[in-house]
Amino acid sequence: EALVLRSHHFKCAQDSSNAAHTLEQHAGSVSVDHISGPEYYRTLSSAYLENFRQVGDSSYAHLARKTLQDILCTISLDRRDRLQTLLKMAELYLEHNTGFHDLGTALQYLSEGITDARRDARSWLQGGIHILQILQNRWSEVYAAGDHVQTQLLDVYRAIVGLLPRIAYFG
């Protein structure tokens with residue numbers, strides 16, 4: 001994960017490439033449903049995504065999406081890792097030039113994550129805010145996407161604002 005973060009910070013494609021290569025080499029020894037499996041594969045997905053951002057090759061974005069889809073198909077609904085994976089999927093669908101950029105799908109993943117009653121409100125709120133911060137600078141894109149996406153976004157805002165009293169109550 002450190003290589004991915006360094007790659008992002010310093011805009012160094014070699015670091016994200018090295019991270020992906022190292023994680024791929026050991027992927028066979030880590031099962032997705034193992035306790036640390038989802039985090040391992042989310043990190044691999046992050047390395048692919050950072051490769052996409054640095055190099056611009058959409059095949060990396062597709063690898064990131066497939067990796068996240070595999071996690072979602074494998075882990076049970078009650079795992080905390082599910083929320084983190086749904087948030088990563090939402091973030092991935094917000095990336096331009098991937099071939100599958102879709103605000104509506106991103107908001108669906110976000111909505112599924114923040115409305116999961118099994119998660120604590122603080123996790124929902126933090127994840128929701130992260131995705132909304134990405135959308136903050138894309139208001140014209142949201143406006144151009146049409147009524148359906150705007151309605152989804154309002155539903156997400158309503159869900160996030162509805163979490164605030166729970167945060168204040170539980171501290």
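With which side chain does the side chain of Arg42 make a polar contact? The partner is the side chain of Thr85, at 3.2 Å. A polar contact here is a pair of N or O atoms within 3.5 Å; within protein, one must be able to donate a hydrogen and the other to accept it, and residues adjacent in sequence count only if both atoms are side-chain atoms.

The model is predicted: local features need pLDDT of at least 70, side-chain atom pairs count only at pLDDT 80 or more, and totals for chains, interfaces and linings use all residues. Residues are numbered from 1 along each chain as its sequence is written, and side-chain values use heavy atoms, with hydrogens and water left out.

**Arg42**

Arg42 sits in helix H3; helices are DSSP runs (H or I, at least four residues), numbered from the N terminus. Its relative accessibility is 10%, so Arg42 counts as buried. The cut-offs are under 20% relative accessible area for buried and over 50% for exposed, with partly exposed in between (1.4 Å probe, protein chains only). A polar atom of the Arg42 side chain also lies 3.4 Å from the backbone oxygen of Asp81. Leaving aside residues up to four places away in sequence, Arg42 touches Leu68, Ile71, Asp81, Gln84, Thr85 and Lys88, where contact means heavy atoms within 4.5 Å.

**Salt bridges**

The structure has eight salt bridges, each a side-chain nitrogen of Lys or Arg within 4 Å of a carboxyl oxygen of Asp or Glu.

| Glu91 | Arg53 | 3.3 Å |

Glu91 is buried, at 13% relative accessible area, whereas Arg53 is partly exposed at 32%.

Glu95 is buried, with 13% relative accessibility. Glu50, Arg53, Glu91 and Glu95 are linked in a network of salt bridges.

The pair Asp70 and Lys66 stays within helix H4 (residues 58-74), the two being four residues apart, about one turn of the helix. Asp70 is partly exposed at 34% relative accessibility, and Lys66 is partly exposed at 47%.
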